[in-house]
Amino acid sequence: MSVPPQPATASDGTTIPAWYASQRSVPLDPSLYAPAPDELAFYKGQTRITDEDELKAHVLKVQRDAYEVWPYPCIRRLAFTKLKISRFPVYEEVLKLGRERQGAILLDLGCCFGNDARKAVADGFPASQILASDLRSDFWALGHTLFKSTPETCPVRFVQGDIFSDAFFNPHLAHPHSMEAISACVDSASLSPLAKCASIIHASAFFHLFNEPAQLALARRLNVLLSNEPGSLIFGSHRGVRDGVPGERDGRESFAHSPTTWRAMWEDATRGDASVQVEAWLSDFETRPMSAEDVKSVSVDENGVPLHPGSWLVWVVRRA
Ligand SMILES: C[S@@+](CC[C@H](N)C(=O)[O-])C[C@H]1O[C@@H](n2cnc3c(N)ncnc32)[C@H](O)[C@@H]1O
């Protein structure tokens, strides 16, 4: 008789729910390390490790250490090697905001190692205008190990906290602050000073960690962080399902939205604010460049079956 998966204890003493704990006992698969040429070039440039075997060993060592912190499937898949932020159709818009909007702030929420923030910096987004945030500072520290950086050599700033905690981010308290918002966040160990100050929020492989009511609460919180200036945007990707079958994911207490339920959730979160536009579609892959093919995935045949059944929900919420 098979024993049902049991919860475990993480290195910080918190409880790892049964589903995640069951993943931790499955050996990592080094063959999943298969960087594309641009990914390899980025990692060589950042780490200054030019020998490819040495680089692979280094990346896999950090992966193992991170998997011990918390066994997220994205760490197992080595998603952090995929330059994901740069694969979104809105990425050029993001870089343009960094170039053209005075002081535009990019928040990378659920940043893990900070790989996406580093990619944006490499592509010209001012590092001083990026704030990375995560529940677990161990991941941010492992990011310095991964990229062989220090807080001095990587000027992206980080603030640790639980986005659902009012002590960390109180959406009802827009802090008046005299200093610039990122410094105020770091100094107060809180996201509250960022209310209405983020021009761009990136939140990938993040919403799908939570159940349906929590995802709605999260959307409301991000809407408070987002600047009211037209062109401000929130974007990301996470596990999704085709229309008609949204629901709980395999025993994880997390919810998978379809493009339609995702748009409805944002309408609810923004109280039907007509100035907010939501695009969402399904894609087969989390990290490859999006093409016109992906857009077809929201079309269905005469039986309601998607023409292109993707399992990643890719989305942009934009202030018009
Ligand atoms: C699956 S990883 C995604 C990392 C990265 N964004 C990506 O796309 O590969 C989810 C990240 O969210 C962080 N996280 C989980 N719950 C959180 C919370 N309540 N508040 C802030 N960060 C959280 C985790 O520590 C982890 O680094």
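## Ligand shell

In this predicted model, the shell around the ligand takes at least three residues from each of two domains, domain 1 (8-81) and domain 2 (84-319). The ligand is surrounded by 18 residues, and the closest are Gly110, Cys112, Leu135, Ser204 and Ala205. By class, the shell has 12 nonpolar, 2 polar and 4 charged residues.

## Chain overview

The chain contains 11 helices and 11 strands. Of its 320 residues, 39% are buried. Among contacts in the chain with a separation of 6 or more, 65% are between residues 24 or more positions apart.

## Helix pairs involving α3

Two packed helices are described by the angle between their axes and the distance between the axes. Helix α3 (residues 52-69) packs with helix α2 (residues 37-47) at an angle of about 85°, and their axes are 11 Å apart. An angle from 65 to 115 degrees counts as roughly perpendicular, and α2 and α3 are therefore roughly perpendicular to each other. On the α2 side the contact is made by Tyr43, Lys44 and Thr47, and on the α3 side by Leu55, His58 and Val59. These residues divide into 3 nonpolar, 2 polar and 1 charged.

The axes of α3 and α7 cross at roughly 175° and come within 10 Å. Angles over 145 degrees count as roughly antiparallel, which makes α3 roughly antiparallel to α7. Helix α3 contributes Val62, Asp65, Ala66 and Val69 to this contact, while α7 contributes Asp138, Phe139, Leu142, Thr145 and Leu146. The contact of α3 with α7 has 6 nonpolar, 1 polar and 2 charged residues.

How much of helix α6 (residues 115-122) is covered? Helix α6 is mostly covered, with 7 of its 8 residues buried. The buried residues are Asn115, Asp116, Ala117, Arg118, Lys119, Ala120 and Val121. After α6 comes glycine 124, which has a positive phi near 110°.

## Leucine 106 in strand β3

Leucine 106 is located in strand β3 (residues 105-109). A residue is buried if 20 or more other C-beta atoms lie within 10 Å of its own. Leucine 106 has 27 such atoms within 10 Å and is therefore buried.

Leaving aside residues up to four places away in sequence, leucine 106 touches Val94, Gly98, Ala120, Phe125, Gln129, Ile130, Ser199, Ile200 and His202. One of these, Ala120, is also among the buried residues of α6. Leucine 106 and alanine 132 are separated by 26 residues in sequence, and their C-alpha atoms are 8.3 Å apart in space.

## Tryptophan 315 in strand β11

Tryptophan 315 belongs to strand β11 (residues 312-319). Tryptophan 315 counts as buried because it has 25 C-beta neighbours inside 10 Å. Its contacts, not counting residues up to four places away in sequence, are Phe235, Gly236, Trp262, Val278, Glu279 and Ala280.

Most residues other than glycine have a negative phi. Leucine 83 is in the loop between α4 (73-76) and α5. With 22 other C-beta atoms within 10 Å, leucine 83 is buried.

Arginine 271 is not a glycine, yet has a positive phi of about 50°. Arginine 271 sits in the loop between α10 (259-269) and β10 (276-283).

Methods
Residues are numbered from 1 along each chain as its sequence is written. This is a predicted model: local features need pLDDT of at least 70, side-chain atom pairs count only at pLDDT 80 or more; totals for chains, interfaces and linings use all residues. Axes are lines fitted to C-alpha atoms, for helices over the stretch in contact, and angles run from 0 to 180 degrees between N-to-C directions. Helices (H or I, at least four residues) and strands (E, at least two) are DSSP runs, numbered from the N terminus. Angles under 35 degrees count as roughly parallel, over 145 as roughly antiparallel, 65 to 115 as roughly perpendicular and the rest as oblique. Two residues are in contact if their C-beta atoms, placed from the backbone, lie within 7 Å. Ala, Val, Leu, Ile, Met, Phe, Trp, Tyr, Cys and Pro count as nonpolar, Asp, Glu, Lys and Arg as charged, and the others, Gly among them, as polar. A residue is near a molecule or strand if its C-beta atom, placed from the backbone, lies within 6 Å of it. Domain bounds come from an automatic or database domain assignment. A residue is buried if 20 or more other C-beta atoms lie within 10 Å of its own, exposed if 12 or fewer, and partly exposed in between; C-beta atoms are placed from the backbone.
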